[in-house]
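Me: Hey, could you walk me through this one? I'm new to reading structures.

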Amino acid sequence: MATFDLTTRVIPDDHSIWALHSGRRKRQYSNFNEFNCVFLEVPGFSATPSTFDSIETIRQHLRMSDSVKQYCEGRTDTPPSYNPNTYGSGPANREIARERGFNSAIGNVRSLYKEAKVGDLVMVPGVGQYAGVLIGEFTSEFSPRDEIRVVQFDEESVPIRKVKWISKSIEKRRFSRAISRGLENRHAIINLNEGVNSSLNDISMEVYQRVYDNFTIAGRSKATFFGERYNSRDPEGIIASATIIKYFYSAYLAAELGRQQEFANLSYERAIAEFYDPAAVQDFSFNFNSPGAIKVAINTMGAVFVVLVIAVALDNISFSEATNNLNVTNGGGTIELPELRQSCDLYRGIMQSIGEEGFEKVRTECMSARSTIGLDTPVRRTE
């Protein structure tokens with residue numbers, strides 16, 4: 001039995017995207033990048049998960065951290081106490097500006113170490129518009145064991161959140177104005193989705209489109225098809241690839257309507273003319289700088305279906321295996337999302353409808369596109 005891994009990121013409805021500054025003048029940017037983590041500049045902040053349940057306790061830890069920071073930076077000669085209970089738990093009682101800053105610090109600590117969830121994205125801008133933005137996912141909840149020693153604070157420890165960086169090269173100027181403003185806000189950390197009822201807003205979708213090759217959210221899907229050998233002097237490979245993608249999305253729509261047998265009896269051109277629906281396609285774009293790619297975002301689960309069937313056609317699998325003995329996983333595990341499973345079921349129905357002759361014709365077209373532009377997908381055969 002052949003197994004194909006969809007490698008599709010399933011994004012939950014409550015997913016958040018956080019914008020985080022890497023310390024004063026972005027001086028922790030290299031630490032974030034090198035050590036796969038993010039943190040606030042709060043040396044000596046020795047917390048447990050329960051610390052963040054109480055504003056009073058957070059205040060004590062922040063005041064302790066402030067004392068440690070002042071000592072490390074030479075602003076005081078008095079060694080700090082490392083017992084948070086020796087610090088006050090009430091609000092700042094000096095000038096209003098300081099109280100506001102202190103309240104912001106409380107919010108920053110809660111946001112990073114308590115509210116940011118595993119799987120949420122975090123975006124960290126570099127210095128200037130041409131700097132790469134670090135974009136990654138939180139990989140674990142906060143743990144007191146997760147810390148890093150920071151040279152700017154005499155090797156004092158700072159609590160961290162572990163991150164897996166997905167992208168590091170997208171320049172800040174490449175993002176929309178709304179995202180750029182969010183990345184340069186005055187707060188240490190903000191939720192770019194705050195106040196938005198759904199993750200399907202323009203900011204979120206722009207980030208998802210840039211970060212994930214394949215993803216699905218709330219019944220929408222996106223797939224990426226690579227073409228690293230594209231030659232700009234001959235568009236034939238792009239035309240062939242685009243036609244294949246349109247053909248299989250038409251197959252998906254026909255299968256949803258229960259008309260897959262009718263679809264199978266039509267030529268390429270007639271099948272696309274009869275079933276292809278451009279209104280459901282959110283994006284069908286071509287980018288052949290380096291590496292080359294065709295990106296397709298659809299308002300249904302059709303992109304998942306299309307990327308799977310093209311991945312199978314590009315393999316040396318037999319028609320019998322492709323139809324009857326195919327196992328599909330996602331991220332190496334079982335497919336838990338019902339919509340993903342439905343796409344796999346529709347795949348099997350279409351394969352049975354077009355038959356071996358139709359499958360071999362499809363394979364010929366896919367191989368032709370591979371020979372001209374290097375057509376490939378992120379889907380991988382694992383066994």
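**Chat about the model**

Reply: Buried means under 20% relative accessible area, exposed means over 50%, and partly exposed is in between (1.4 Å probe, protein chains only). Keep in mind that this is a predicted model: local features need pLDDT of at least 70, side-chain atom pairs count only at pLDDT 80 or more, and totals for chains, interfaces and linings use all residues. Also, residues are numbered from 1 along each chain as its sequence is written, and side-chain values use heavy atoms, with hydrogens and water left out.

Me: How many aromatic pairs does a search of the whole structure find?

Reply: It finds 17. Rings of Phe, Tyr and Trp (its six-membered ring) pair if their centres lie within 6.5 Å; planes under 30 degrees apart count as stacked, over 60 as edge-to-face, and the rest as tilted. Take Phe45 and Phe52: their ring centres are 6.2 Å apart and the planes are at 5°, so that pair is stacked.

Me: Phe45 and Phe52, are they buried or exposed?

Reply: Phe45 counts as buried because its relative accessibility is 3%. Phe52 is buried as well, at 1%.

Me: And why do Tyr247 and Phe263 count as tilted?

Reply: Their ring centres are 4.9 Å apart and their planes sit at 40°, so the pair is tilted. It links distant parts of the chain: Tyr247 is in helix H6 (residues 236–256) and Phe263 in helix H7 (residues 260–264), 16 residues apart. Helices (H or I, at least four residues) and strands (E, at least two) are DSSP runs, numbered from the N terminus. Tyr247 and Phe263 also belong to one aromatic cluster with Phe248, Tyr268 and Phe275.

Me: Switching to the core: which members touch the most others?

Reply: In the largest nonpolar core, with 59 residues, those are Phe225, Phe248 and Ile310. Helix H11 (residues 338–373) gives the most to this core, 12 residues. A nonpolar core is a set of buried Ala, Val, Leu, Ile, Met, Phe, Trp, Tyr and Cys residues joined through side-chain atoms within 4.5 Å.

Me: What is Ile310 in contact with?

Reply: Leaving aside neighbours within four places in sequence, Ile310 is in contact with Phe225, Ile244, Ile245, Phe248, Cys366, Leu375 and Thr377. Contact means heavy atoms within 4.5 Å. Another core lies apart from that one, with 36 residues, among them Val42, Ile58, Val109 and Trp165.

Me: How many residues of helix H5 are buried?

Reply: Helix H5 (residues 202–211) is mostly covered, with 8 of its 10 residues buried. Val207 and Tyr208 are among them.

Me: New topic, charges. What does the charged end of Arg161 sit over?

Reply: The ring of Phe138, 4.6 Å from its centre. Arg210 lies over the face of Phe175, at 5.1 Å from the ring centre. A charge sits over a ring if NZ of Lys or CZ of Arg is within 6 Å of the ring centre and within 35 degrees of the ring normal.

Me: How many salt bridges does the count come to?

Reply: The count is 20. A salt bridge is a side-chain nitrogen of Lys or Arg within 4 Å of a carboxyl oxygen of Asp or Glu. One of them joins Arg24 and Glu73, with the closest N and O atoms 3.7 Å apart. That pair links distant parts of the chain, 49 residues apart: Arg24 is in the loop between strand E3 (17–20) and H1, and Glu73 in the loop between H2 and H3.

Me: How far apart are the closest N and O atoms for Glu274 and Arg270?

Reply: In that salt bridge they are 3.8 Å apart. Glu274 and Arg270 are separated by about one helical turn, because they are 4 residues apart in helix H8 (residues 268–275). Salt bridges that share partners join Arg259, Glu262, Arg270 and Glu274 into one network.

Me: Last one: where is Asp77, and is it buried or exposed?

Reply: Asp77 is in the loop between helix H2 (55–72) and helix H3 (96–115). With a relative accessible area of 73%, Asp77 is exposed. Asp77 and Phe319 are 242 residues apart in sequence and 77 Å apart in space, C-alpha to C-alpha.
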